[in-house]
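Visitor: I am new to this structure and would like to know what the terms used for it rest on. Please show it to me.

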Protein chains: 2
Amino acid sequence: MSRKLLIGIDGGGTHSTAVAAYPDGRIAALTKSGGLNFHNSGVKTVRLRLESMVKTLSTQCGCEVDEICVGMSALDSPADEDTRSLFTTGTLRQNQLDLQSDAYIALMGFTLGEPGLIVICGTGSMLLMLDKEGRQHVAGGWGYLLGDPGSGYTLAREGLLAVINAVEGIGPDTPLLADALLFFGADTPRGLIDRIYAPEATTAWLADFAKHVLARAHEGNAVAQKILLRNMQRLAQSAAQLIKKAPEVGKVGLYGGIFAHSDTATEFFVKELHRLAPKADICTLNYPPELGALIHLFQKRKMLTNEVLTLMKSTYEEYLHERN
Amino acid sequence: MSRKLLIGIDGGGTHSTAVAAYPDGRIAALTKSGGLNFHNSGVKTVRLRLESMVKTLSTQCGCEVDEICVGMSALDSPADEDTRSLFTTGTLRQNQLDLQSDAYIALMGFTLGEPGLIVICGTGSMLLMLDKEGRQHVAGGWGYLLGDPGSGYTLAREGLLAVINAVEGIGPDTPLLADALLFFGADTPRGLIDRIYAPEATTAWLADFAKHVLARAHEGNAVAQKILLRNMQRLAQSAAQLIKKAPEVGKVGLYGGIFAHSDTATEFFVKELHRLAPKADICTLNYPPELGALIHLFQKRKMLTNEVLTLMKSTYEEYLHERN
């Protein structure tokens, strides 16, 4: 058996995780690096980070590298040749690099290549469905300026709009006002403006205010619940609309910080999706996205067996356990 | 009679206009410069632009300068001493400089110092009311991330959300999709994402898409009309809420590009405001903001008479006429 490595990489906006596997599925090594979003970090930085991680893994294992699958947050479909060639001007070869969206490798981590739909809801939100012909269908992911229902950013923004309505006397009072003053460090409601538009204010920081909207919804506050319900219904509508295009899709995976941290968000989403698509089988992810990237490579090579999966999962868990 | 000049300046985000008047109201000179928003351009640049405009006017007229009123888009209330002192470290003295918001000088241009409310609706939106005690009350002006109902930015954004809903099959078809592809230069709906988040995309450019929402509303398109109606109702609610605090306020002035370019927007706003505040007397502005800044100075010195106003207006019109 060849000992050439397969590498799976979860390339996020701020950090990335790369794992190498032997052809039997056993995890050989793991390394981490900065973000791989080339819109934010630039193509050259991303290429050098990629090359460096691949080299590290290859050196650690004392093996050559066969193929690398990267799930990139800057993509929403498999990369075309032009995009691939941007990252293969250095040491990697065109036929070594398989660039996918971060949503796709997360999806592979729970459907193992079978048809399915993943609903990702973190700082932003996005849906990706794989149909039985292997075609990808995307919805959402329009970014913070244009919506992304259910995302941390949108929940935070709508929480602040409720605060503004309360301040201006055209909406009900809400405990989110006190939360916002404290969170953003403002003395008065209008003082929020300077904080939110300050040069150092980031989208991620603003989105983090969503935790107060989630907490108030969990407490039963009507204003916060209304915001969360409206958003989860909108996200479930998008999911149901995708499923209409591929009725064979049963599995729906929920992923990302909003679902992970809010049972209320999950409950609102599930209730609406079951109303619109009663057959949807809502699951959690079994394999993290970096393993999803590996699963994609194993499946592509028709090497994905239960033995491979079992070995991959158990050795990865051992690996993480030893590290902690 | 002293021949010392009074100067009124409309200090916008991208350009500014300064006019000098003799104590009888006659316009003596005019000059223009770059923007005076110190959040965007920095304090030093703004101070140098201010000083340069004042020097130009003083030299043109061969007169000393008595006092200067600036309406600054970076303020939403009269400047405190700390802010004033930022702009008087050079040639201007503390007691020469009267810094107000741009909304305030626009308000002075139509109420002439009487109680009134101005509703400004351009790229952003904001409301400012002057009560009979001379106190200023502000609403809106929370900026593009947090709403600004009726503003170009918000109309554009909600137009794009309608486009997204149509594309994802959870909203009605809309001609705004074709408008958006053409306006943003995208081949496909998802191609809009790269355009809108491109480093060169500005808030003002995005807001400019509002012209298509306004045009479609004018044509009678239901999707566009719904967006415009909802926004104008929200803006009118804010206006009515302010008037409740000062029932003596009769005059309501409408100002800014949305009202100037859309009869439909104006009609929707007026209808809702008359429903909520039947006594509101909706007016247009008689004097541009730079004259509003002068009117503020004349009123402060108890020198504002009908003669002054008549002379100011006629000489300013002559001045502009000669220039064109």
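Visitor: Which residue is the bridge partner of A:K251 in β10(A)?

Guide: The partner of A:K251 is A:D281. This is a predicted model, in which local features need pLDDT of at least 70 and side-chain atom pairs count only at pLDDT 80 or more, while totals for chains, interfaces and linings use all residues. Residues are numbered from 1 along each chain as its sequence is written, chains are lettered from A and ligands numbered from 1 in the order in which they are written, and side-chain values use heavy atoms, leaving out hydrogens and water.

Visitor: What makes β9(A) and strand β10 of chain A a pair?

Guide: Two strands pair if DSSP finds at least two bridges between them. Three bridges join β9(A) to β10 (residues 281-283) of chain A, and the strands run parallel; by the definition they therefore pair. Strands themselves are DSSP runs of E with at least two residues, helices are runs of H or I with at least four, and both are numbered from the N terminus.

Visitor: How many bridges join strand β6 of chain A to strand β9 of chain A?

Guide: Four bridges join β6 (residues 116-121) to β9 (residues 251-255) in chain A, and these strands run parallel. One bridge partner to look for is A:G253 in β9(A), which belongs to A:I118.

Visitor: Why are β8 and β10 of chain B said to stand at the edges?

Guide: The open sheet has five strands in the order β8-β7-β6-β9-β10 (chain B), with mixed pairing. β8 (136-140) and β10 (281-283) of chain B each have a single partner strand, so one side of each has no neighbour in the sheet. On average, neighbouring strands of this sheet are turned by 20 degrees against each other, direction ignored.

Visitor: In which sense do strands β6 and β7 of chain B run?

Guide: β6 (residues 116-121) and β7 (residues 125-130) of chain B run antiparallel and are joined by six bridges. Opposite B:C121 stands B:S125 in β7(B). Helix α4(B) packs on the sheet and touches β6, β7, β8, β9 (251-255) and β10 of chain B, its direction making about 125 degrees with that of β6(B).

Visitor: What is the order of the strands in the open sheet with β3 and β5 of chain B?

Guide: The order is β3-β2-β1-β4-β5 (chain B), five strands with mixed pairing. β3 (27-34) and β5 (97-101) of chain B have a single partner strand each, so these two stand at the edges. Within this sheet, β1 (residues 5-11) and β4 (residues 65-72) of chain B pair in the parallel sense over seven bridges, and the bridge partner of B:I9 in β4(B) is B:V70. Helix α4(B) lies across β1, β4 and β5 of chain B, at about 90 degrees to β5(B).

Visitor: Why are α4(A) and α13(A) called roughly perpendicular?

Guide: The axes of α4 (residues 102-111) and α13 (residues 289-300) of chain A come within 7 Å and cross at roughly 80 degrees. Axes are lines fitted to C-alpha atoms, for helices over the stretch in contact, and angles run from 0 to 180 degrees between N-to-C directions. Angles under 35 degrees count as roughly parallel, over 145 as roughly antiparallel, 65 to 115 as roughly perpendicular and the rest as oblique. The two helices are therefore roughly perpendicular to each other.

Visitor: Which residues of α4(A) meet α13(A)?

Guide: A:Y104, A:I105, A:A106, A:M108 and A:G109 do, and among their counterparts in α13(A) are A:P289 and A:H296. Contact means heavy atoms within 4.5 Å.

Visitor: Which residues of chain B does A:Q241 touch?

Guide: A:Q241 touches B:E168, B:G169 and B:I170, not counting residues up to four places away in sequence. A:Q241 lies in helix α10 (residues 222-245) of chain A.

Visitor: What is the volume of the largest cavity?

Guide: The volume is about 30 Å³, and a search of the whole structure finds one cavity of 30 Å³ or more. A cavity is a set of points, on a 1 Å grid over the protein atoms alone, where a 1.4 Å probe fits but cannot get out; lining residues have an atom within 4 Å of a point. The lining consists of A:Y144, A:L145, A:Y153, A:R157, B:Y144, B:L145, B:Y153 and B:R157.

Methods
1 Å grid on protein atoms, 1.4 Å probe; cavity = no way out; pocket = protein on both sides within 12 Å on 5 of 7 lines; lining within 4 Å. Points joined across faces, edges and corners; volume = space filled by probe spheres on them.
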